[in-house]
Amino acid sequence: MQEFLSWPFFEDKHRALATELDAWCAANLSHGHGDDVDAECRALVKALGQGGWLRHAVAGTALGGAADVIDTRSLCLLRETLARHDGLADFAFAMQGLGSGAISLAGSDEQKARYLPRVAAGEALAAFALSEPEAGSDVAAMQCSAIDDGDAYLINGEKTWISNGGIADFYVLFARTGEAPGSRGISAFIVDAGLPGFEIAERIDVIAPHPLARLRFTNCRVPKSQRIGAPGEGFKIAMRTLDVFRTSVAAAALGFGRRALQEGLAHAQERRMFGATLADLPLAQAKLADMACMVDSAALLVYRAAWARDQGRPITREAAMAKLMATEGAQKVIDAAVQLFGGRGVRRGEIVESLYREIRALRIYEGASEVQQLIIGRDLLKNGV
């Protein structure tokens, strides 16, 4: 058992979960992947479903979930462990949770019964369609519209940077219904792939290969039964969903950072130079010490936030601190590992090279680092230390 699992944030069920998943990952996953990322993601979702891990990404035991309420510590342990073994597996797991999170939180009984069991089993891929070309961090600037048309809504507009775009079976989409200005006039919908008027406008290639796409809607008719919650509640539903999963982004970054530290430490102990090993050099020891401090600092912040949320406490500041420090710290730890590896560190196929590509996006999505700084600063000014 890894030492951090003995921390008081965890219960025995969390320790057992992490240990079991670590063994499963060692037997089933690898940081290396082929060229067909879409096929690999589908295969990973299927494997994660068959392994029983996706049950922790949805709520409701009667619907295939591990518990009636998503356990944040379990979610974070799962993401940290998956990320430490395989970034694409973490991505596949995370999108099942984020893509269906609004349904778990605010869906009707019929919606939950229709979608969540398939998500938990790995039989349906989910996606979360919030961002637009001119509305990323500023969600209130959303332009995609949903016009009331009797028993349905007509959706027009675009979404971009949508994870699982092009391979998802359904998308939780947020569009402006106009009940009020700004964020109060947005509603949430479940949009099945393949509906007339819904197309994949562009597939987006990024430095760490993941399925991403720009979506286009042209008079796409979505039944009113597919709306999640009441009209105008979409922004609140989106924020509630992100609140659940934001801490888990920090956990994924922690997993990447922890793997980089492990790789850097092993390499330093094995690499012969100047008649000794790299690990014998004081500069290398200092670098490893800094890396270890950043990893443990991030872990303490991540699991403090996860524990507090599971106690029912508001964690606006704690989650923002965890995401900011874990993602920024992991970037530094991974960069240091690449430096320890020297020329090997930038060779495609090396684990530290793949980690270097994986970590960069985490400092941006689900709230960029600068947004987290604003959240923390405003909370301090409002509530004090």
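User: Why is threonine 247 called buried?

Analyst: Its relative accessible area is 0%. Buried means under 20%, exposed over 50% and partly exposed in between, using a 1.4 Å probe and protein chains only. Threonine 247 therefore counts as buried. This is a predicted model: local features need pLDDT of at least 70, side-chain atom pairs count only at pLDDT 80 or more, and totals for chains, interfaces and linings use all residues. Residues are numbered from 1 along each chain as its sequence is written, and side-chain values use heavy atoms, with hydrogens and water left out.

User: What does threonine 247 touch, not counting residues up to four places away in sequence?

Analyst: Cys76, Val302, Ala305, Ala306, Ile315 and Ala319. Contact means heavy atoms within 4.5 Å.

User: What makes a set of points a cavity, and how many of 30 Å³ or more are found?

Analyst: On a 1 Å grid over the protein atoms alone, a 1.4 Å probe fits at the points of a cavity but cannot get out. The search of the whole structure finds two. About 40 Å³ of space lies in the second largest cavity. A volume is the space filled by probe spheres set on the points, which are joined across faces, edges and corners.

User: How many residues in the lining of the second largest cavity are nonpolar, polar and charged?

Analyst: Eight are nonpolar, two polar and none charged. Ala, Val, Leu, Ile, Met, Phe, Trp, Tyr, Cys and Pro count as nonpolar, Asp, Glu, Lys and Arg as charged, the others as polar. Gly257 and Gly329 are in this lining, and Gly counts as polar. Lining residues have an atom within 4 Å of a point.

Notes:
1 Å grid on protein atoms, 1.4 Å probe; cavity = no way out; pocket = protein on both sides within 12 Å on 5 of 7 lines; lining within 4 Å.
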